[in-house]
Amino acid sequence: MRSRESRPAVLMDVAVLAGVSAMTVSRVLNAPDRVRAETRARVLAAVRELDYRPNQAARQLVTGRSGVLGVVSIDTTLYGPAATLYCIERAARHAGYNVSIASLSSLNRKSMEEGVQRLRAQAVDGVIIVAPHESASDGLRHLPAEMPVVAVDAGDDIPVPVVKVDQAAGAARATRHLLSLGHETVWHVAGPADWLDANGRIDGWRGVLEAAGRPVPEVLRGDWSSRSGYQLGRRLAGEPGVTAVFVANDQMALGVLRALREAGRRVPEDVSVAGFDDIPESAYFWPPLTTVRQDFGQVGSYAFHLLLDRMAGVEPEARRLIEPELVVRESTGAAPRDR
């Protein structure tokens, strides 16, 4: 076997190490869905071990493709969009694709068209658009027809396949959990009005309260930040009837927890608090936060494979909904009257 220090790995090195033909390695790198999962995993493990870098120029001559995928996303450090972007890139790279990212300050028709054109100039084979804003819908309806596109976290009335977490289902689970603990109703700290995720969580929360015949409190709008959660938490702390709060993301929930503590309202003895996202720090809040976990790894994998289908001329399903999971920790407990 060659010395890894002597020369870069070539395709035949990968084939020998994986115990497959060179043609199979090529299929894994260019059309992975045509190869059995066990064989694909063996080949990709060999690719990683040998640090094999496909010759993109040769690949393009053989396949007519560049081996590069484009991703359009908003420029944000928020956990959800950042985790989504990371998992899309990971899924693509594990299959041998490079990724080019166009980060935009806003997602409207003009900015989205500009972002897609930048990626087309790089000869990308297809594009995934992370589009969590209401304002992105118009842009998604006016994309180049010849460009394979898949959207993530987009609305339902657009002409491209969409992968998204079922936000309403996650919010419903958190709300039902709080009601099951004996709380008369659940207050809600929501995200910004232009975010589809925020509005889906409102729908799930409100739907459960209405179905149970419970009072539906006023929606309190934050901006996803801990600061806005803290400001709204101070308002909630001044309402004696508040015993349960569902917060639309964990960062705002952190601010609510601090506001309640400063006001002398114990969590969960006086007020139960649930969040959304299950950021890595959630288990280390005090108290550890009950929250809704989104599987961003599944989002990235599904989006990537739907795009491969479109690139291959196969029309994929119009929408893939991923079910979130309720993670119960110590920030939620029985309503005060039931203790």
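**Close-up views of a predicted model**

**View 1. The second largest pocket holds about 210 Å³ of space.** Its lining has 17 residues, and Asp 156, Lys 164, Gln 167, Leu 196 and Gly 200 are the closest to the pocket centre. Two or more lining residues come from each of β5 (162-165), α8 (167-180), α9 (196-211) and β11 (319-322). Helix α9 provides the largest share, 5 residues. Sorted by class, the lining of this pocket comprises 8 charged, 5 nonpolar and 4 polar residues. As in the other views, the model shown is predicted.

View 2. The structure has 1 cavity of 30 Å³ or more. Around the largest cavity are 16 lining residues, and those nearest its centre are Gly 80, Pro 81, Trp 195, Asp 197 and Asp 277. At least two lining residues come from each of α5 (79-94) and α9. The top contributor to the cavity lining is α5, with 4 residues. By class, 7 residues of the cavity lining are nonpolar, 5 are polar and 4 are charged.

**View 3. Val 10, Met 12 and Val 16 form a nonpolar surface patch.** The area of the patch is about 270 Å². One of its members, Met 12, belongs to helix α1, which covers residues 11-18. Met 12 is classed as partly exposed because its relative accessibility is 48%, and exposed would require over 50%.

Technical notes: Residues are numbered from 1 along each chain as its sequence is written. This is a predicted model: local features need pLDDT of at least 70, side-chain atom pairs count only at pLDDT 80 or more; totals for chains, interfaces and linings use all residues. Side-chain values use heavy atoms; hydrogens and water are left out. On a 1 Å grid over the protein atoms alone, a cavity is a set of points where a 1.4 Å probe fits but cannot get out, and a pocket is an open set with protein on both sides within 12 Å along at least five of seven lines; lining residues have an atom within 4 Å of a point. Grid points are joined across faces, edges and corners, and a volume is the space filled by probe spheres set on the points. Ala, Val, Leu, Ile, Met, Phe, Trp, Tyr, Cys and Pro count as nonpolar, Asp, Glu, Lys and Arg as charged, and the others, Gly among them, as polar. Patches are made of residues with over 30% relative accessible area and no salt bridge: like charges are joined within 9 Å, nonpolar side chains (Val, Leu, Ile, Met, Phe, Trp, Tyr) within 5 Å. Accessible areas come from the Shrake-Rupley method with a 1.4 Å probe; for residues, only the protein chains shown count as cover. A salt bridge is a side-chain nitrogen of Lys or Arg within 4 Å of a carboxyl oxygen of Asp or Glu. Buried means under 20% relative accessible area, exposed over 50%, partly exposed in between (1.4 Å probe, protein chains only).
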